Amino acid sequence: MNVGDRVGSRVHTAAKAGRAGFAADAALGVASATLLAFWAYQVAVSWGSGYWLFGCIAGTVVCGLALARRRGRVWAAAAGLAVAAASVLAATFVDLPAEPGPAMALGLSVLVGSAVRTLPAVVACAIAAGGLAVTAGTPLTANTLASGLPSVTMLNAAGWLAGVSTGLCSRLLAARHRTIAGNVRRQERLQLARELHDVVAHHVTGIVLQAQAAQVLARKQPDRLDGSLTGIETAGTDALAATRRLVGLLRETGAPTSPSESLTDLVRRFNGPAVHLRLPDGDDAAAWPPEVTSTVYRVVQESLTNVSRHAPHAGSVRVTVACEGDDGVTVEIADDAPPVSTRRHRRGGYGLLGMRERVEALGGTLHAGPRSGGGWGVLATLPLPSRREPPGQGERR
């Protein structure tokens with residue numbers, strides 16, 4: 001996935017969201033206009049000309065606020081409830097047709113549902129209560145003495161219940177997503193705790209061995225002692241740097257687990273489309289810090305898992321791991337699955353969420369999305385920490 005593919009993926013996602021919002025607003029606008037025309041005709045037939053005007057204007061205002069709700073959900077909902085309450089009072093004391101009418105009921109349900117879905121709990125409850133109060137006041141506007149609930153009350157109660165139910169379901173789904181994402185990050189931190197123990201034990205063991213060798217050299221070959229002490233200093237510096245990086249990851253998000261196999265072994269046992277693996281030439285990968293090596297492994301592992309789950313018709317997968325000089329590592333995974341409906345592009349699940357947190361915690365970036373020519377692509381970039389000269393070594397003469 002090159003730069004053009006990444007930019008195209010982001011633009012595609014933003015455009016898709018924009019088209020979905022525009023389609024929803026267009027459908028709401030058409031439904032509102034239809035209901036306004038229908039109700040104006042019914043009122044004109046039942047009450048005579050002129051009586052439809054008030055309800056049509058009030059319904060248009062509330063529906064317009066529903067269409068503009070994304071610019072300010074609180075003020076839009078508050079204004080819509082105020083207009084609805086005023087229409088109820090006007091219909092009660094001025095002898096007008098029952099309010100709110102069908103179009104206004106639709107606008108109120110959208111405003112209440114949007115507020116319940118996105119606003120803080122206290123504000124959302126207040127707006128939902130306001131909608132219920134408007135619904136409770138509709139019997140006052142009913143111009144009939146028939147027993148049972150007036151039709152205007154049942155209509156508005158159904159709209160209020162639909163708005164609250166839809167908004168509450170969306171709110172609970174969003175909360176569930178946040179909970180799962182938090183659990184993913186928590187698992188990454190638990191894995192880091194184990195990784196931190198292994199890294200510290202490895203470096204400390206090296207320091208102990210270097211110190212034991214230095215004691216032997218001090219007795220038998222004192223002239224070689226300086227090199228041994230330099231090795232101890234270097235090992236200590238590396239241990240501090242690795243510990244600092246891993247603890248930083250632990251405090252922020254997630255961390256790597258040491259892979260138990262190589263990328264070649266991972267690709268060999270992959271049960272899916274043919275994988276074409278390309279690794280860096282030479283021994284460059286051997287010099288990578290453990291957290292970089294394990295993160296590269298986990299990104300490839302998660303990407304291949306997503307291919308097997310979501311791209312059963314892919315013919316092949318290309319995995320490329322390359323060094324960008326001494327500055328960083330790039331990992332690219334791309335499959336050639338045929339293009340499918342955008343509604344099925346849901347490979348950015350919680351596994352990739354954990355990988356994104358880990359990559360960004362190391363100072364890198366991760367992009368995943370549909371490719372312009374079909375298939376799915378993942379591109380991760382990881383910086384390599386610079387190897388600093390051991391303190392004091394550059395000062396010796």
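Helices (H or I, at least four residues) and strands (E, at least two) are DSSP runs, numbered from the N terminus. The model is predicted: local features need pLDDT of at least 70, side-chain atom pairs count only at pLDDT 80 or more, and totals for chains, interfaces and linings use all residues. Residues are numbered from 1 along each chain as its sequence is written, and side-chain values use heavy atoms, with hydrogens and water left out.

The structure holds four salt bridges (a side-chain nitrogen of Lys or Arg within 4 Å of a carboxyl oxygen of Asp or Glu). One of them joins Asp265 and Arg268, with the closest N and O atoms 2.6 Å apart. Both residues lie in helix H8 (residues 263-268), three residues apart, about one turn of the helix. Arg268 is exposed at 60% relative accessible area, on a scale where buried means under 20%, exposed over 50% and partly exposed in between (1.4 Å probe, protein chains only). Asp265, at 31%, is partly exposed.

Asp25, Arg69 and Arg70 are linked in a network of salt bridges. The closest N and O atoms of Asp25 and Arg70 are 2.7 Å apart. Asp25 lies in helix H1 and Arg70 in the loop between H2 and H3, so this pair ties together parts 45 residues apart in sequence. For Asp25 and Arg69 the closest N and O atoms are 3.5 Å apart. That pair also links distant parts of the chain, 44 residues apart, with Asp25 in H1 (residues 3-47) and Arg69 in the loop between H2 and H3. Arg69 is buried at 11% relative accessibility, whereas Arg70 is partly exposed at 42%.

Helix packing was examined next. The axes of H3 (residues 73-93) and H5 (residues 121-137) come within 10 Å and cross at roughly 15°. Axes are lines fitted to C-alpha atoms, for helices over the stretch in contact, and angles run from 0 to 180 degrees between N-to-C directions. H3 is therefore roughly parallel to H5 (angles under 35 degrees count as roughly parallel, over 145 as roughly antiparallel, 65 to 115 as roughly perpendicular and the rest as oblique). H4 and H5 pack at about 155°, with axes 8 Å apart. These two helices are therefore roughly antiparallel.

The loop between H3 and H4 (102-118) contains Pro100. The peptide bond from Glu99 to Pro100 is cis, with omega near -10°. Asp95 lies in the loop between H3 and H4. Its phi is near 60°, a positive value in a residue other than glycine. Most residues other than glycine have a negative phi, and most peptide bonds are trans. Asp95 is partly exposed at 46% relative accessibility.
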